Amino acid sequence: MTSTKKDLFKPERLSASDKAAATDHTARGIVAAEKLAREKKTEKLKAMRLLQEADAEPVAPAPKRQPARKRTSA
């Protein structure tokens, strides 16, 4: 049996709706993967921040400044 171009390459045209569905499926998969990665990173950073805050010494708040007095012309 000899291979011909017709046997090796079967060009099947996809409809526009099939292309759109494939693109939509791929895009939604990418977005979901990015969301999962972002949530994992956020949880990791939050845990690190809480550990850092627990180890740090409490800082006294800065004293409040009194507002400047208005000068009156005499």
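I looked up E53 and R49 and found both in helix 2, four residues apart, which is about one turn of the helix. The model is predicted, with local features needing pLDDT of at least 70 and side-chain atom pairs pLDDT 80 or more, while totals for chains, interfaces and linings use all residues. Residues are numbered from 1 along each chain as its sequence is written, and side-chain values use heavy atoms, leaving out hydrogens and water.

I checked the fold of the protein chain and noted two helices and zero strands; these are DSSP runs numbered from the N terminus (helices: H or I, at least four residues; strands: E, at least two).

I then looked up the salt bridges and found two in the structure. The term denotes a side-chain nitrogen of Lys or Arg within 4 Å of a carboxyl oxygen of Asp or Glu.

E53 pairs with R49 in one of them, with 3.5 Å between the closest N and O atoms. R49 is partly exposed, at 40% relative accessibility (buried is under 20% relative accessible area, exposed over 50%, partly exposed in between; 1.4 Å probe, protein chains only).

D24 and R28 also form a salt bridge, at 3.0 Å from N to O. Both residues lie in helix 2 (residues 16-55), four residues apart. I recorded a relative accessible area of 37% for D24, partly exposed, and of 58% for R28, exposed.

Finally, I looked up burial and noted that 0% of the 74 residues of the protein chain count as buried.
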